Amino acid sequence: LKDKHLIFLSDELLSETVSQIQYTLAHEIGHVILKHRNSINFRQSKHEIGRQESEADQFANNFLFK
(Lines give C-alpha, C1' and ligand atoms only; values in the text may rest on other atoms or scores of the structure.)
Protein backbone atom coordinates (compact mmCIF):
# COMPACT_ATOMS: atom_id res chain seq x y z
CA LEU A 1 0.00 0.00 0.00
CA LYS A 2 2.99 2.25 -0.35
CA ASP A 3 2.08 5.68 -1.72
CA LYS A 4 -1.64 5.00 -1.24
CA HIS A 5 -4.06 6.98 0.89
CA LEU A 6 -6.15 5.14 3.44
CA ILE A 7 -8.70 6.58 5.82
CA PHE A 8 -9.61 4.35 8.73
CA LEU A 9 -12.97 4.98 10.36
CA SER A 10 -14.20 3.29 13.49
CA ASP A 11 -17.57 1.58 13.80
CA GLU A 12 -18.34 3.98 16.64
CA LEU A 13 -18.43 6.86 14.15
CA LEU A 14 -21.72 5.52 12.78
CA SER A 15 -23.36 6.12 16.16
CA GLU A 16 -22.58 9.85 15.92
CA THR A 17 -24.80 12.55 14.46
CA VAL A 18 -24.81 13.09 10.71
CA SER A 19 -23.03 16.42 11.15
CA GLN A 20 -20.28 14.79 13.26
CA ILE A 21 -19.82 12.05 10.65
CA GLN A 22 -19.55 14.68 7.90
CA TYR A 23 -17.03 16.69 9.92
CA THR A 24 -14.90 13.63 10.64
CA LEU A 25 -14.87 12.62 6.98
CA ALA A 26 -13.97 16.15 5.87
CA HIS A 27 -11.20 16.29 8.51
CA GLU A 28 -9.72 12.98 7.34
CA ILE A 29 -9.97 13.97 3.65
CA GLY A 30 -8.17 17.18 4.64
CA HIS A 31 -5.19 15.16 5.84
CA VAL A 32 -4.95 13.56 2.39
CA ILE A 33 -5.42 16.76 0.40
CA LEU A 34 -2.95 18.63 2.60
CA LYS A 35 -0.42 15.81 2.07
CA HIS A 36 0.07 15.16 5.76
CA ARG A 37 2.36 12.34 6.71
CA ASN A 38 1.14 9.70 9.08
CA SER A 39 3.05 8.77 12.19
CA ILE A 40 3.16 5.09 11.22
CA ASN A 41 5.88 5.57 8.61
CA PHE A 42 7.42 8.79 9.90
CA ARG A 43 8.36 9.80 13.41
CA GLN A 44 6.66 13.08 14.25
CA SER A 45 6.82 15.42 17.19
CA LYS A 46 3.72 16.24 19.19
CA HIS A 47 4.00 19.76 17.79
CA GLU A 48 3.94 18.47 14.19
CA ILE A 49 0.98 16.20 14.89
CA GLY A 50 -0.86 19.09 16.56
CA ARG A 51 -0.18 21.36 13.59
CA GLN A 52 -1.51 18.77 11.16
CA GLU A 53 -4.64 18.22 13.26
CA SER A 54 -5.28 21.97 13.36
CA GLU A 55 -4.83 22.23 9.60
CA ALA A 56 -7.22 19.31 9.02
CA ASP A 57 -9.77 20.96 11.35
CA GLN A 58 -9.44 24.21 9.41
CA PHE A 59 -9.89 22.34 6.13
CA ALA A 60 -13.05 20.63 7.43
CA ASN A 61 -14.49 23.92 8.68
CA ASN A 62 -13.79 25.65 5.36
CA PHE A 63 -15.21 22.75 3.37
CA LEU A 64 -18.40 22.37 5.41
CA PHE A 65 -19.16 25.89 6.56
CA LYS A 66 -18.17 28.22 3.71
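The protein has 2 helices and 0 strands. The model shown here is a predicted one. Along the principal axes, the C-alpha atoms fill a box of roughly 35 × 25 × 20 Å. Of the 66 residues in the protein, 20% are buried.

H1 and H2 pack with their axes 8 Å apart, at an angle of about 120°. The crossing in which H1 passes H2 is right-handed.

On the H1 side, the contact is made by Gln22, Tyr23, Ala26, His27, Ile29, Gly30, His31 and Ile33. On the H2 side, the residues are Gln52, Glu53, Ala56, Asp57, Phe59, Ala60, Asn61, Phe63, Leu64 and Phe65. Sorted by kind, the residues of this contact are 10 nonpolar, 6 polar and 2 charged.

Two residues of H2 that take part in this contact, glutamine 52 and phenylalanine 63, can be looked at one by one. Glutamine 52 lies in helix H2. Its relative accessible area is 6%, so glutamine 52 is buried, the cut-off being under 20%. Which residues does glutamine 52 contact, leaving aside its neighbours within four places in sequence? They are His31, His36, Arg37 and Gln44. One of these, His31, also belongs to the H1 side of the helix contact.

Phenylalanine 63 also has its place in helix H2. Is phenylalanine 63 buried or exposed? With a relative accessible area of 57%, phenylalanine 63 is exposed, because exposed means over 50%. From phenylalanine 63 to glutamate 12 the distance is 23 Å, C-alpha to C-alpha, and the two are 51 residues apart in sequence.

The loop between H1 and H2 comes next. The side chain of glutamine 44 reaches the backbone oxygen of arginine 37 at 3.4 Å. Glutamine 44 and arginine 37 are also both among the residues in contact with glutamine 52.

Lysine 35 lies in the loop between H1 and H2 as well. With a relative accessible area of 71%, lysine 35 is exposed. Its phi is near 60°, which is a positive value in a residue other than glycine.

Glutamine 20 is placed in helix H1. At 33% relative accessibility, glutamine 20 counts as partly exposed, because that value falls between the cut-offs of 20% and 50%. How many Å separate the C-alpha atoms of glutamine 20 and phenylalanine 65? They are separated by 13 Å, and the two residues are 45 residues apart along the chain. Phenylalanine 65 is one of the H2 residues that make the contact with H1.

Leucine 14 lies in the segment before H1. Its relative accessibility is 69%, so leucine 14 counts as exposed. Leucine 14 and glycine 30 are 16 residues apart in sequence, and their C-alpha atoms are 20 Å apart in space. Glycine 30 is among the H1 residues in the contact with H2.

How values were computed
Residues numbered from 1 in each chain as written. Predicted model: local features only at pLDDT ≥ 70, side-chain atom pairs only at ≥ 80, totals over all residues. Heavy atoms only, no water. Polar contact = N/O pair within 3.5 Å; in protein donor to acceptor, adjacent residues only side chain to side chain. Axes fitted to C-alpha atoms, helices over the stretch in contact; angles between N-to-C directions. Helix = DSSP H or I, 4+ residues; strand = E, 2+ residues; numbered from the N terminus. Left-handed = near helix turned anticlockwise from the far one by under 90°. Contact = heavy atoms within 4.5 Å. Nonpolar A, V, L, I, M, F, W, Y, C, P; charged D, E, K, R; others polar. Buried < 20%, exposed > 50% of the residue type's maximum accessible area, 1.4 Å probe, protein only.
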